Amino acid sequence: MDVSRRGFMQCMAWAGTGVLWTAAGGVFSSCSLANQQTSGDGTFSFAQISDTHVGFGGPANPNAMATLAESIARINAQPTPPAFVLHTGDLTHGQKAGGFDTLNESLKGLKTERVFFIPGEHDVFIDGGKEYLARFGQGTVGQQGWRSFDYRGVHFVGLVNVLQYKADGVGNLGREQLEWLEKDLAPLGASTPIVVYSHVPLWAVYPQWGWVTGDATQAFAYLKRFGSVTALNGHIHQVLQKVEGNITFHAAMSTAFPQPAPGAAPSPGPMRVADDQLRKVLGVREVRHVVGSGALAVVNTPLV
């Protein structure tokens with residue numbers, strides 16, 4: 001990693017404290033912060049919410065709708081509303097009947113201009129994504145529903161890597177989407193900050209559990225010329241970070257239930273924790289862009 005080019009990642013918590021992450025050689029270190037402020041024309045923030053799993057009910061969280069409501073309230077509590085919200089998949093749990101409707105009603109309470117969605121494997125479980133695309137696919141491209149958009153100088157790319165997940169157990173982008181990605185990025189200057197968001201991690205978190213995207217190497221080839229690339233994902237229900245070259249990867253918490261750390265259990269899945277610990281491992285994320293700074297400030301905020 002070129003530290004002089006990427007600088008450092010500054011994480012401002014929404015309650016006024018946070019974590020300062022510095023990266024050197026791909027390794028993060030941290031120290032606590034207090035009352036950190038940013039300002040300047042063009043500065044904005046957006047929120048990431050992931051793995052809401054509407055319809056889930058089990059020992060890992062008997063009331064996932066309550067923790068979703070708390071997550072929405074946490075976003076709304078900010079002095080300045082986020083410009084938009086990214087939902088990085090698994091809107092529903094197993095595409096249960098009425099799940100999309102319930103989520104829609106819940107997210108209407110968000111104080112933001114727009115919510116952008118990508119599907120998780122749970123959202124395409126029954127019909128290959130037909131219902132999801134009918135409800136959330138407006139403005140997307142291709143049969144899988146990927147998209148890109150620009151906001152205040154930052155280029156956002158939403159990739160879909162779950163439609164083949166059921167068959168082979170790992171994420172996959174596919175040739176059509178990769179060809180589209182190459183064309184989408186081609187007109188952009190190398191100094192353009194890029195945010196790529198997907199459900200399954202693009203990086204190899206733990207291939208034994210399918211926590212990887214099999215053909216992501218080609219996507220990385222298209223992204224390597226950019227000075228600042230931030231990749232956000234859900235799916236694994238926990239905060240993990242990694243730096244590979246010019247790309248900083250961030251996995252997000254779920255609002256519904258935690259999963260075990262990579263390799264810490266026989267298999268992934270809903271993990272029960274003590275009742276007084278649950279809200280410490282569920283939450284949301286804020287990302288802030290400051291004009292003139294290549295790196296994005298990322299903070300993960302648990303519900304406690």
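## Reading a predicted model together

Reader: Which residue is 37 residues from Pro-207 along the chain, with a C-alpha separation of 7.5 Å?

Author: That is Val-170.

Reader: Now the strands. How do I read a sheet?

Author: Strands of a sheet pair through backbone hydrogen bonds, either parallel or antiparallel. Here, six strands form an open sheet with mixed pairing, in the order β7-β8-β9-β10-β12-β11. At the edges stand β7 (147–151) and β11 (240–244); each has a single partner strand, so one side of each lacks a neighbour in the sheet. From one strand to the next, the twist averages 15°.

Reader: In which sense do β10 and β12 pair?

Author: They pair in the parallel sense, over five bridges, with β10 covering residues 229–233 and β12 covering residues 247–251.

Reader: Which strands does helix α7 touch?

Author: Helix α7 (residues 216–223) packs on the sheet and touches β9, β10, β11 and β12, with its direction at about 135° to that of β12. Another helix, α6 (residues 175–185), lies across β7, β8 (154–158) and β9 (194–198), and runs at about 175° to β8.

Reader: Which residues of α7 are buried?

Author: Ala-216, Ala-219, Phe-220, Tyr-222 and Leu-223 are the buried ones. They span an arc of only 160° around the axis, so they lie on the same side of α7. Their cover includes α6, β9, β10, β11 and β12.

Reader: And what should I look for in a core?

Author: In soluble globular proteins, nonpolar side chains tend to be buried together. In this model, the largest nonpolar core has 33 residues, and those with the most contacts inside it are Leu-159, Leu-181, Leu-185, Ile-194, Val-196 and Leu-202. At least two residues each come from α6, β9, α7, β10 and β12. The most come from α7, which gives five.

Reader: What does Leu-159 touch?

Author: Leaving aside residues up to four places away in sequence, its contacts include Ile-118, Trp-146, Trp-180, Leu-181, Val-196 and Leu-202. There is also a second, separate core of 17 residues, among them Val-54, Ile-75, Leu-91 and Leu-107.

Conventions. Residues are numbered from 1 along each chain as its sequence is written. This is a predicted model: local features need pLDDT of at least 70, side-chain atom pairs count only at pLDDT 80 or more; totals for chains, interfaces and linings use all residues. Side-chain values use heavy atoms; hydrogens and water are left out. Two strands pair if DSSP finds at least two bridges between them. Helices (H or I, at least four residues) and strands (E, at least two) are DSSP runs, numbered from the N terminus. Axes are lines fitted to C-alpha atoms, for helices over the stretch in contact, and angles run from 0 to 180 degrees between N-to-C directions. Contact means heavy atoms within 4.5 Å. A nonpolar core is a set of buried Ala, Val, Leu, Ile, Met, Phe, Trp, Tyr and Cys residues joined through side-chain atoms within 4.5 Å. Buried means under 20% relative accessible area, exposed over 50%, partly exposed in between (1.4 Å probe, protein chains only). The arc is that of the directions from the helix axis to the C-beta atoms.
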